[in-house]
Amino acid sequence: MPKVLISDKMDPKAAQIFRERGVEVDEITGKTPEELKAIIGQYDGLAIRSSTKVTAEILDAAANLKVVGRAGIGVDNVDIPAASARGVVVMNTPFGNSITTAEHAIALMFALARQLPEADASTQAGKWEKNRFMGVELTGKTLGLIGAGNIGSIVADRAQGLKMKVVAFDPFLTPDRAIEMGVEKVGLDDLLLRADFITLHTPLTDQTRGILSAENLAKTKRGVRIINCARGGLIDEAALKQGLESGHVAGAALDVFQVEPAKEHPLFGTPNFVSTPHLGASTTEAQVNVAIQVAEQMADFLVSGGVTNALNMPSLSAEEAPRLKPYMALAEKLGSLVGQLAHGELRNIAIESEGAAAELNQKPIVGAVLAGLMRVHSDTVNMVNAPFLAKERGLDVREVRHDREGDYHTLVRVTVGTAQGDRSVAGTLFGNAAPRLVELFGIKVEADLAGNMLYIVNEDAPGFIGRLGTTLGAAGVNIGTFHLGRREAGGEAVLLLSVDDVVGEALLATVRALPGVKTAMALTF
Ligand SMILES: NC(=O)C1=CN([C@@H]2O[C@H](COP(=O)(O)OP(=O)(O)OC[C@H]3O[C@@H](n4cnc5c(N)ncnc54)[C@H](O)[C@@H]3O)[C@@H](O)[C@H]2O)C=CC1
Ligand SMILES: O=C(O)C(=O)COP(=O)(O)O
């Protein structure tokens, strides 16, 4: 039974769903990285929010880990390249908390406009400072949106309801989408110049880090109010403090900080500064949404191989998974076969599908071929890291679907380009379930690819099969199945034998010495 660790506070629905789906679950929150390292090795899945930092070091200790599930959106606390390299799927729940986070941004905007936290503290301190607090209206003001994705567009919608004018800076926002959202697409400088309020809704990336730098803050309108419910690293916090102290920035509300938890911070106590402890996603509704979603996605993956919302792997629905599974087994075997047989550096690989295979989602088939191919050289390769490793090695991967009807109702062909030319193998599924090799380097064969096998190319001449049988028998190697194919009578023949034991180097040398043998290799599947 797969085992999952929930390492950040999560709605109890998550654990309930894991158990209902046949996944064992432990909930252990608040661990230090060292403590997490000590226990992570026993788990197949890790369910987190933003507190757990999934570093390369943690991943190195996670020998059995197959999936990290983020109950939320931002995954900047997960080292995704390190996870991909180790074959661990990383998934998030991209929509479950977006309304809630957008509402928090709007709440903070009101808090700034009307100085609600200060007014509350003063009133409850018995001061009744009616003349101290003077707010601003939101109606008619310009809201500058940095990042117009899921959360940004909900903020834009709510702000329009408040009769604000919304301008948005997002390099990936298309003009059509801007029209649909009713926002004006602008450049960053234009936004900085015009916005009365600025709200940030981008992920933290190398491009967005410090997007509100000292230089950019200096370009803002005097009296600007800034809200950040995205990630701490987006704003230069020291420059923001200066802006607040000089009065250039009339107010700033941060839900997120460069270093969290922020228990001490130079901004604390600064006039017109409002803060919340990363509460953007903290509503009952959002937490139930993300807990259910992350547990369903992770259980689907661990139990049936379905992949949803993965950031480092193509999606594969739980419904598709059973239909694709035999294809992935076939693809992996074909990849492994070419990986074992093709000599030298592989330059490119083409994965072609025809018949029923062409109607399927190709990404998992391609991933499985690459996994089979790369696993020949490394034990730690799987479908997640195989495409990544292929890219790293400069292998050109091509995917082709054919409409044509061939000899088989379904066929997957894998062709690799080597220094000696192209080498191609093809396979089908018998009864839509059992993988069978049907073509090997241009020769028609029909073979199971399983267990220990012996691959021989020889000159087609009488007496050879008898001599081979005698040689193997004398070495105590039992033949399970025997598959033969040839280009033409008396030409080159290919033999694929399944054998009960590993064929060692000494026996291979004897086989190679038999008259007419051109190649003899041991294969394993
Ligand atoms: N405070 C909290 O509790 C929460 C914070 N978040 C944060 O909010 C972020 C945004 O979430 P979503 O809207 O769901 O993500 P999203 O992916 O739907 O939208 C992000 C937008 O940022 C844009 N973007 C990317 N690079 C940019 C750049 N250099 N300049 C301007 N725009 C850029 C993208 O084009 C995209 O439209 C998350 O990445 C997460 O870090 C999310 C949920 C809760
Ligand atoms: O979903 C996100 O990106 C968030 O920042 C929410 O963080 P949390 O799950 O509340 O720690």
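# Exercises on a predicted model

S498 sits in strand β21, which spans residues 492-499. The model is predicted.

**Exercise 1. Decide whether S498 is buried or exposed, and list the residues in contact with S498.**

Solution. 
- Step 1: Count the neighbours. S498 has 20 C-beta neighbours inside 10 Å.
- Step 2: Apply the cut-off. A residue is buried if 20 or more other C-beta atoms lie within 10 Å of its own. S498 therefore counts as buried.
- Step 3: Set aside neighbours within four places in sequence. S498 then contacts D448, A450, G451, N452, M453, G480 and T481.
- Step 4: L204 lies 294 residues from S498 along the chain, and 53 Å separates their C-alpha atoms.

**Exercise 2. Describe how helices α13 and α14 pack.**

Solution. 
- Step 1: Locate the helices. α13 covers residues 320-341, and α14 covers residues 362-375.
- Step 2: Take the geometry. The packing angle is about 35°, and the axes are 6 Å apart. The crossing of α13 past α14 is right-handed.
- Step 3: Name the partners. From α13, the contact includes L324, Y327, M328 and A331. From α14, it includes P364, I365, A368 and V369.
- Step 4: Sort by class. The contact of α13 with α14 holds 13 nonpolar, four polar and three charged residues.

**Exercise 3. Characterise the nonpolar cores.**

Solution. 
- Step 1: Start with the largest core. It has 98 residues. A47, V369 and V412 have the most contacts inside it.
- Step 2: Find the main contributor. Helix α12, residues 284-304, gives the largest share of this core, with nine residues.
- Step 3: Examine A47. Beyond residues up to four places away in sequence, A47 touches V4, I6, M10, A14, G69, A71, V294 and M298.
- Step 4: Turn to the second core. It is separate and has 50 residues, among them F169, A230, F257 and V274.
- Step 5: In soluble globular proteins, nonpolar side chains tend to be buried together.

**Exercise 4. Describe the shells around ligand 1 and ligand 2.**

Solution. 
- Step 1: Count the shell of ligand 1. It has 31 residues, and the closest are G74, G149, F172, P203 and G280.
- Step 2: Assign helices. α5 (98-114) and α7 (150-161) each supply at least two residues of the ligand 1 shell. The largest share, three residues, is from α7.
- Step 3: Classify. The shell of ligand 1 splits into 13 nonpolar, 15 polar and three charged residues.
- Step 4: Move to ligand 2. R49, S50, G72, I73, G74, N97, H278, G280, A281 and S282 are around ligand 2.
- Step 5: Classify again. The ligand 2 shell has two nonpolar, seven polar and one charged residues.

Note on methods:
Residues numbered from 1 in each chain as written. Chains lettered and ligands numbered in written order. Predicted model: local features only at pLDDT ≥ 70, side-chain atom pairs only at ≥ 80, totals over all residues. Axes fitted to C-alpha atoms, helices over the stretch in contact; angles between N-to-C directions. Helix = DSSP H or I, 4+ residues; strand = E, 2+ residues; numbered from the N terminus. Left-handed = near helix turned anticlockwise from the far one by under 90°. Contact = placed C-beta atoms within 7 Å. Nonpolar A, V, L, I, M, F, W, Y, C, P; charged D, E, K, R; others polar. Core = buried A, V, L, I, M, F, W, Y, C linked by C-beta atoms within 7 Å. Buried ≥ 20, exposed ≤ 12 C-beta atoms within 10 Å, placed from the backbone. Near = placed C-beta within 6 Å.
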